[in-house]
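Subject: Handing over the structure

Hello,

Here is the structure I promised to pass on. Please open it beside this email and follow along.

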Amino acid sequence: MNRNRERQSNPLIGLLDTLPVTIQTLALPDPRFTSLTFPRFRPYLTEPKYGERDVKAVGMMAGSIPIGLALMGRPFTQTPFFDPITLERYHQYQQPPASPAPEDDAADDHAKRDHRRLLSLFIHKQWRRRGLGRDLLKAAEQVAFEQGSRCLTVQYSGKTKQKQALESLLEHCGWEAPQLHSQRLSGPANWYLKAEQTWPKLMPFLRRHGFETTPWLERTAEDNSAIEALVVIGEVETLLAPRQAFDQHCVPDLSFAIRRRGELVGWIIGEEIDQVEGVLYHTGYVKPALRNRGWLIGGMLETGHRQSALMGPETTSWYETVGDNPAMRRLMDERVSTFAFSIDPRWGSRKALNATTLRS
Ligand SMILES: CC(C)(COP(=O)(O)OP(=O)(O)OC[C@H]1O[C@@H](n2cnc3c(N)ncnc32)[C@H](O)[C@@H]1OP(=O)(O)O)[C@@H](O)C(=O)NCCC(=O)NCCS
């Protein structure tokens, strides 16, 4: 229904229009705003263990009615690309900035600055298309800047209903053009059955060449040195490098080192996700010399076998890759996606925060 007809048929709407709209940073917890974000972020608004340290919440009210909410995560210099793990785990993975950015910092070097992530931006249905989303986003940018952040980022699923609305809004507010941030493939753990019928020779071939896997948590000192050496010589992309938090959070039976004749040449790390029975394999790596030769697929088939045995064949397996890893994306699109998988691309955008950009 168009808004004028809506106003005529519902006098209450006209009344709502007269309410003064205000924006303020919320003192948490504040459960009044829970319906204005996604379920996974609601604990931020209701649970006392979270506070300003973890999240910045900017609320919009019409009179005393909450009508909009922007949530921003805590500052970081490096954050995992994968999502969603539990909120607490998400925090543990983030690397906090060493010191706050100077006031006059131009934020041209995104990588080293204090970033914040816009976790959610929401305007109540009844109040959309009046410029309020824009006002709220600008207020959130200002708050992030005043708190020392020099870059705000956002990530969203390609399946988000309001993708078009969000992207136009970001463009309006001077954000960078969206880019593919990551891609996630999901399907039942027993996908390996069909895959092995399609590629009956793959696993025997790999085994003949010394392919084997061992539990990630049973690495030796020698293995750790091998990993360090790979990192030092630049053979491991930053986002695929093992982090300490993997050891803490991985599912021990579903995270493993990939070996060739005993030598550690790769890894696949699986973690359980909030609320869903399944495992997210967020980091899968093999040495460049072994790429495009079936080694990573071999590792993925192992995850299918093990997860089916451990958790059940119908539980879900997710495989996630960064957007700028074309080889892995091709592998997902062209090879693995045929085995009853759905693909969810995640998009991302960002905005440098400084006196000039904040005016746009
Ligand atoms: C995205 C959202 C916050 C936009 O809020 P809004 O108050 O309607 O946005 P505004 O009225 O300020 O719109 C600003 C600009 O964004 C664009 N825009 C907003 N909604 C749009 C839509 N449905 N289709 C196309 N463009 C849209 C337009 O360019 C608009 O400017 P214009 O009205 O001058 O053409 C709102 O749709 C929403 O809450 N969606 C649900 C939650 C969500 O998906 N959030 C994103 C994930 S975090």
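Below is what was found, from the overall build down to single residues.

One caution first: this is a predicted model.

**Overall build**

The protein has 360 residues, and 34% of them are buried. It holds twelve helices and twelve strands. Take the contacts with a separation of 6 or more: 72% of them are between residues 24 or more positions apart.

How many strands does the open sheet have, and in what order do they lie? There are twelve, in the order 1-2-3-4-5-12-6-11-10-9-8-7, and the pairing is mixed. Two strands sit at the edges: strand 1 (21–25) and strand 7 (211–215). Each of these pairs on one side only. Neighbouring strands are turned by 25° against each other on average, direction ignored.

Now find strand 4, residues 115–123. Is strand 4 mostly covered or mostly open? Mostly covered: eight of its nine residues are buried.

Look at one partner, strand 3 (residues 65–73). Strand 3 and strand 4 pair in the antiparallel sense, over five bridges. Here M72 stands opposite L118 of strand 4.

Then look at strand 5 (residues 151–157). Strand 4 and strand 5 run parallel, and four bridges join them. L118 turns up again here, opposite V154 in strand 5.

Keep going across the sheet. Strand 5 also pairs with strand 12 (residues 342–352), in the antiparallel sense, over seven bridges. V154 stands opposite S349 in strand 12.

How do you get from strand 4 to strand 5? Helix 5 is part of the answer. Strand 4, helix 5 and strand 5 make a right-handed β-α-β unit.

**Around the ligand**

There are 20 residues around the ligand. Which of them come nearest? They are R128, G133, Q162, A165 and S168.

Helix 6 gives the largest share, six residues.

Start with the general rule. Most residues other than glycine have a negative phi, and most peptide bonds are trans.

The peptide bond from L28 to P29 is cis, with omega near -5°. You will find P29 in the loop between strand 1 and helix 3 (43–46).

R129 has a positive phi, near 60°, and is not a glycine. R129 sits in the loop between strand 4 and helix 5. Is R129 buried or exposed? R129 counts as exposed because it has 9 C-beta neighbours inside 10 Å.

R261 also has a positive phi, about 45°, although it is not a glycine. Its loop lies between strand 8 (256–260) and strand 9 (263–272). R261 is exposed, because 9 other C-beta atoms lie within 10 Å. The cut-off for exposed is 12 or fewer. Now compare sequence with space. R261 and E212 are 49 residues apart in sequence, yet 7.6 Å apart in space, C-alpha to C-alpha.

**One more loop**

Last stop: P313. This residue lies in the loop between helix 11 (295–311) and strand 11 (316–322). P313 counts as partly exposed because it has 15 C-beta neighbours inside 10 Å. Which residues is P313 in contact with, leaving aside its neighbours within four places in sequence? They are P188, A189, N190 and S308. P313 and Y192 are 121 residues apart in sequence and 9.8 Å apart in space, C-alpha to C-alpha.

That is the tour. Over to you.

Best wishes

Terms used
Residues numbered from 1 in each chain as written. Predicted model: local features only at pLDDT ≥ 70, side-chain atom pairs only at ≥ 80, totals over all residues. Pairing = 2+ DSSP bridges. Axes fitted to C-alpha atoms, helices over the stretch in contact; angles between N-to-C directions. Near = placed C-beta within 6 Å. Buried ≥ 20, exposed ≤ 12 C-beta atoms within 10 Å, placed from the backbone. Contact = placed C-beta atoms within 7 Å. Right-handed = clockwise from strand over helix to strand, strands pointing away.
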